[in-house]
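Please read the following note beside the sequence and the model, point by point. It is meant for a colleague who has not seen this structure before.

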Amino acid sequence: MADFDVVELPDTEHLSEGERAPDFTRPLVKAECWEDRSLSELAERNPVLLVFFPMDGTGMAKYTWIGIRDREWGASDLTVVGLSISTPYEHMAFIHRHRLPFGLFSDPGNGVADTFGIVHEHGGMTGVAGPRPSFFLLESDLTVEYAWVAQLWPPETDLDAVEAAIDSKA
Amino acid sequence: MTAANEALTPLAGHRFASPMSRDVETSAELVLYRHVGCPYCERVVRVANDLDVPIHSRFVVPEHSQRDVIKRISGSRTVPLLVDESRGITMSESANIVEYLDRTYGGS
C-alpha cells in the first residue's frame, strides 16, 4: 500500500465539450511586458489551448510547462496560453526561468476558474484558491472542442494523452 | 553564464520567439508603456482619462536592465513611453506626452 495520499476531488459542473467558453479579459504576460488581452481576441487567429495550472512556484507548474515546451505545442496553428493565480511579476520570472515561448494570463482573484466551474480550494492557505488543473481546446467562437479537468489532487496530468486528443481534433 | 544571469536573459534568439510576439499584437492606437507605481505614468493616465482618450497599457518591470522592449522602441529605457500608431508618434517624458495629448486630442 502506498504511503502517500492522492485525493479524489469533488465532482464539478465544469465547462465541457460542445459548450461555449465564457470570454474573459486578464493581463497576459509575455517575456518582456504584459497587457490586458481577451480570450476571444486570441481565438480569432488560431484555435486556443487554455491551460489552467497551479501557482507558479509549484512543481506541478514547472513540470507541466517544461513538458509543454519540450513537446513544442503551439509551434504551428495553435495558440497555447496558460492561466494561474500568480501575479504578472511571478509569471514573467517563470517565463524566463523556463524559457517559455507562451503567454500566461494572471488571475489572482481566481474569477476565471469560477466561470469555468473549476475552482480548487487550497487547503491550509486561508483565502487562497486556484483553478483545478485543466486543459481546454477552443475554436474561434470559443466552443470547447476538448476538455480535460483533473479529478485527483495532486493531478493525474498526462500530457501525452492531451496531445493525442488535440491531434485527433486537428 | 551563471544561472542568475541566465534567468534575466530575454528570449531573443529563442526558436519560439516569433510566435510569442505574433500573439500579442493589439489593434489599439495609443499604447502606453508604464510600470506599476510610476508617478509619471499615473500623470499621463490621468490626463488621458480627463481627455477621454482610450489608452492601452503595457506594463514592464521596474528594473531598467529588463526593459529592452522599450529601448528597442524609443532608444532609452524610461517610462512612460507613448506610441501613437495612427500618427507615427513615439514619445518619452511625461511632460511632453501630456502636452502632446492635450494638443492632439484636447478638442478646442
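1. In what follows, buried means under 20% relative accessible area, exposed means over 50%, and partly exposed lies in between (1.4 Å probe, protein chains only). This is a predicted model, in which local features need pLDDT of at least 70 and side-chain atom pairs count only at pLDDT 80 or more, while totals for chains, interfaces and linings use all residues. Residues are numbered from 1 along each chain as its sequence is written, chains are lettered from A and ligands numbered from 1 in the order in which they are written, and side-chain values use heavy atoms, with hydrogens and water left out.

2. D107(A) lies in the loop between strand 6 and helix 4 (111-116) of chain A and R26(A) in strand 2 of chain A, so the pair ties together parts that are 81 residues apart in sequence. D107(A) is buried at 3% relative accessibility, whereas R26(A) is partly exposed at 24%.

3. Helices (H or I, at least four residues) and strands (E, at least two) are DSSP runs, numbered from the N terminus, and two strands pair if DSSP finds at least two bridges between them. In chain A, strand 2 (residues 25-29) pairs with strand 3 (residues 34-38) in the antiparallel sense over five bridges, and the two form a hairpin with four residues between them. Strand 2 of chain A also pairs, again in the antiparallel sense, with strand 6 (residues 103-106) of chain A over two bridges. V29(A) has W34(A) as its bridge partner in strand 3 and stands opposite L104(A) in strand 6.

4. S84(A), in strand 5 (residues 79-84) of chain A, is buried at 0% relative accessibility. Its side chain makes a polar contact (a pair of N or O atoms within 3.5 Å; within protein, one must be able to donate a hydrogen and the other to accept it, and residues adjacent in sequence count only if both atoms are side-chain atoms) with the side chain of D56(A), at 3.0 Å.

5. Which residues of helix 5 (residues 159-169) of chain A are buried? They are L159(A), V162(A), A165(A) and I166(A), and they cover an arc of only 125 degrees around the axis (taken from the directions from the helix axis to the C-beta atoms), which puts them on the same side of helix 5 of chain A. D167(A) and S168(A) are exposed on the other side of helix 5 of chain A. D158(A) caps the N-terminal end of helix 5 of chain A, with a side-chain oxygen 3.1 Å from the backbone nitrogen of D160(A).

6. The structure holds zero disulfides over all chains, a disulfide being a pair of cysteine sulfur atoms within 2.5 Å. For C33(A), the nearest cysteine sulfur is that of C41(B), 13 Å away. C33(A) is buried at 4% relative accessible area, and C41(B) is buried at 0%.
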